[in-house]
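This report sets out the geometry of the model shown below.

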There are 2 protein chains.
Amino acid sequence: MQTLVQLPSPEDIRQSHTLIQPYIHRTPVLTCQSINAISGAQLYFKCENFQKIGAFKMRGASNAALRLDQEARKKGLATHSSGNHAQAVAKIAQSLGVPAHIVMPENAPSVKREATAGYGARIILCEANQAARESTLAQVLAETGATFIHPYDDYNVIAGQATAALELFEEIADLDAIIAPIGGGGLMSGTALCSTYFSPATKIYGAEPEQVNDAWLSFKSGVRTPHQGLPSIADGLLTNMSEKTFAIVKAHLSDVFTVSEAEIVAAMKLVWERMKIIIEPSCAVPLAAVLKNPSVFAGQKIGIILTGGNVDLQKLPF
Amino acid sequence: MQTLVQLPSPEDIRQSHTLIQPYIHRTPVLTCQSINAISGAQLYFKCENFQKIGAFKMRGASNAALRLDQEARKKGLATHSSGNHAQAVAKIAQSLGVPAHIVMPENAPSVKREATAGYGARIILCEANQAARESTLAQVLAETGATFIHPYDDYNVIAGQATAALELFEEIADLDAIIAPIGGGGLMSGTALCSTYFSPATKIYGAEPEQVNDAWLSFKSGVRTPHQGLPSIADGLLTNMSEKTFAIVKAHLSDVFTVSEAEIVAAMKLVWERMKIIIEPSCAVPLAAVLKNPSVFAGQKIGIILTGGNVDLQKLPF
């Protein structure tokens, strides 16, 4: 198996799934009658909140790591992230018995530092700005020879994230639509490729917070456009799309929806109360979009990727 | 199918399962590697927090209602409860298209009143004491001819609650032990009968809060003994066992464990954080007992009935 350096093919996605299977959970697809009644649609939730490390990021990081040859693996893995991708890189490195070097801003919550360190990773703190993250990472790469695993701008990561939709399509036939959240676009572009290849009649939608609307701006204008940098409770979706991910989003999506902060919190609370499962705010964004747009979704069979469940129980928004 | 008036047989439990199946969810059995590592045991969680109305109570109430003849059903169902049993009686009555009359203390949280009323039940408020509950219920029964469905002191309810363990044994072979919480004892006695009949090599354990230790007092002394009436965060377990349920507990359990309030909260938080599922405090009591007693449970295959997930998100204990 080799590192993917061009747009993943259907076969690349299938091979990625086979490759990562021993390192991930096959997560369940859940339904909820009362949320179906509220939405007027039949919703199929792919529960990546139950994935290892609590998020879909385990799929992409595993695929990128497992496609490295033995020599590269031995030198270790590296990334800059304070979120779920950091834990995913740390976890797959631990599983493979190789070092992980994670660059985090010095203001990252201690709970996230501890979770990542708990998988045996070395944490390197840096100043809380993009330039410091990049220069610190460059220094780590130079010193260690480790391979940088980008959180989304990498075809190996995109093909790995695509496997969540692949499992969903294997279980649920004839989905009218599939919807995922858009941050950097790794999950969204993987989901879009997978749907295009394996379920071509399924429409593909993305959703993001109004306050972090780079995907909406970019999709509607046709030109990759960054957001204004406002905050959002959906802290997994603050990143702008990359060239690679936007190209796929532009080519394959039917539409991108934005939702308000209040709509995100309401959808998150609905899932907690009715489904009795824990999802993080970023994860609630697609359901919020479905609830906000009944004219698009009512009466249809919709696949929703629930992306993660890593939430600080001491700081709940309700 | 007839109302059960004596100790349920193996065939009664099997028939109850067939009878209620169209009205309940078959809930999943989940495992969690990190909680296995913490406990040193292999734990199989039967997730009744995903059951209809969010708790196992749906099983017993459904069995009691479905065993009534058409004439009795038409006159409706009644109970006194402010908890999950109230919602279960309301829900099965709604499914059968018959009236439900639920007596609740006037200080019951409005969220619980609304949930029960949401299933179309008539709520009758009474003063917050046992005498008022009983006399108000008696008046409702006299006026309506409805059938009283007791939350636990009823063989139909016990046989219905037994079906959770039945499904668990169907999926997971060779459990060394099974453990459930004890409130009034309906779930515990049903679980004990089911285990005795269908998996006789499996040891049967109960768990309850230290502050509500009637099962422990009764089991250890051999004489049914009420608790002192202290409060507990495990608000589903405040009831004392009945004659029917204690007789089964006494005959079949290997031991009863008690846990502190802090141990309950810690076990609840562990499940939320590691399994990403929502359980109520009462539901965490058996896991708390397993974590507290490694000398009993380590190295074994343990079935744990997770009883419910109805928790007020505005009033979390952590």
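## Conventions

Two strands pair if DSSP finds at least two bridges between them. Helices (H or I, at least four residues) and strands (E, at least two) are DSSP runs, numbered from the N terminus. This is a predicted model, in which local features need pLDDT of at least 70, side-chain atom pairs count only at pLDDT 80 or more, and totals for chains, interfaces and linings use all residues. Residues are numbered from 1 along each chain as its sequence is written, while chains are lettered from A and ligands numbered from 1 in the order in which they are written.

## The four-stranded sheet of chain A

In chain A, four strands form an open sheet in the order E5-E4-E3-E6, with parallel pairing. Strand E5 (122–126) and strand E6 (147–148) of chain A each have a single partner strand and stand at the edges, so one side of each lacks a neighbour in the sheet. Within the sheet, strand E3 (residues 77–80) of chain A runs parallel to strand E4 (residues 100–105) of chain A, and four bridges join them. A:Ala78 is placed opposite A:His101 of E4(A).

Helix H5 (residues 84–96) of chain A packs on this sheet and touches E3 and E4 of chain A. A contact between two residues requires their C-beta atoms, placed from the backbone, to lie within 7 Å. The direction of helix H5 of chain A makes about 165° with that of E4(A); axes are lines fitted to C-alpha atoms, for helices over the stretch in contact, and angles run from 0 to 180 degrees between N-to-C directions.

## The sheet and helices of chain B

Chain B has an open sheet of four strands in the order E5-E4-E3-E6, and the pairing is parallel. Its edge strands are strand E5 (122–126) and strand E6 (147–148) of chain B, each pairing on one side only. Two bridges connect strand E3 (residues 77–80) of chain B with E6(B), the two running parallel; B:Ala78 has B:Phe148 as its bridge partner in E6(B). Helix H5 (residues 84–96) of chain B packs on the sheet, where it touches E3 and strand E4 (100–105) of chain B, and its direction makes about 165° with that of E4(B).

H7(B) lies across E3, E4, E5 and E6 of chain B and runs at about 160° to E4(B). Helix H7 (residues 130–144) of chain B has 15 residues and should span 21 Å at 1.5 Å a residue, which agrees with the 21 Å between its end C-alpha atoms. The expected span is 1.5 Å times one less than the number of residues. After H7(B) comes B:Gly145, with a positive phi near 75°.

## Buried strand residues

A residue is buried if 20 or more other C-beta atoms lie within 10 Å of its own, exposed if 12 or fewer, and partly exposed in between, with C-beta atoms placed from the backbone. Strand E9 (residues 255–259) of chain B has four of its five residues buried, so it is largely enclosed by the rest of the structure. Five bridges join strand E8 (residues 203–209) of chain B to E9(B), and the two run parallel. B:Ala207 has B:Phe257 as its bridge partner in E9(B).

A:Tyr205 belongs to strand E8 (residues 203–209) of chain A and counts as buried, with 26 C-beta neighbours inside 10 Å. Leaving aside residues up to four places away in sequence, A:Tyr205 touches A:Ala177, A:Ile179, A:Leu253, A:Ser254, A:Asp255 and A:Phe257. B:Phe45, in strand E2 (residues 42–47) of chain B, is buried, with 26 other C-beta atoms within 10 Å. The C-alpha atoms of B:Phe45 and B:Val29 are 5.3 Å apart, although 16 residues separate them in sequence.

## Positive phi in loops

Most residues other than glycine have a negative phi. A:Ile53 has a positive phi near 60°; A:Ile53 lies in the loop between strand E2 (42–47) and helix H3 (57–66) of chain A and is buried, with 23 C-beta neighbours inside 10 Å. B:Asp174 also has a positive phi near 60°. B:Asp174 lies in the loop between helix H8 (155–171) and strand E7 (177–181) of chain B and is exposed, with 9 other C-beta atoms within 10 Å.

The contact takes 13 residues from chain A and 13 residues from chain B. On the side of chain A that touches chain B, seven residues are nonpolar, three polar and three charged; Ala, Val, Leu, Ile, Met, Phe, Trp, Tyr, Cys and Pro count as nonpolar, Asp, Glu, Lys and Arg as charged, and the others, Gly among them, as polar. Of the interface residues of chain A, 100% are also interface residues in chain B, so the copies meet through the same surface.
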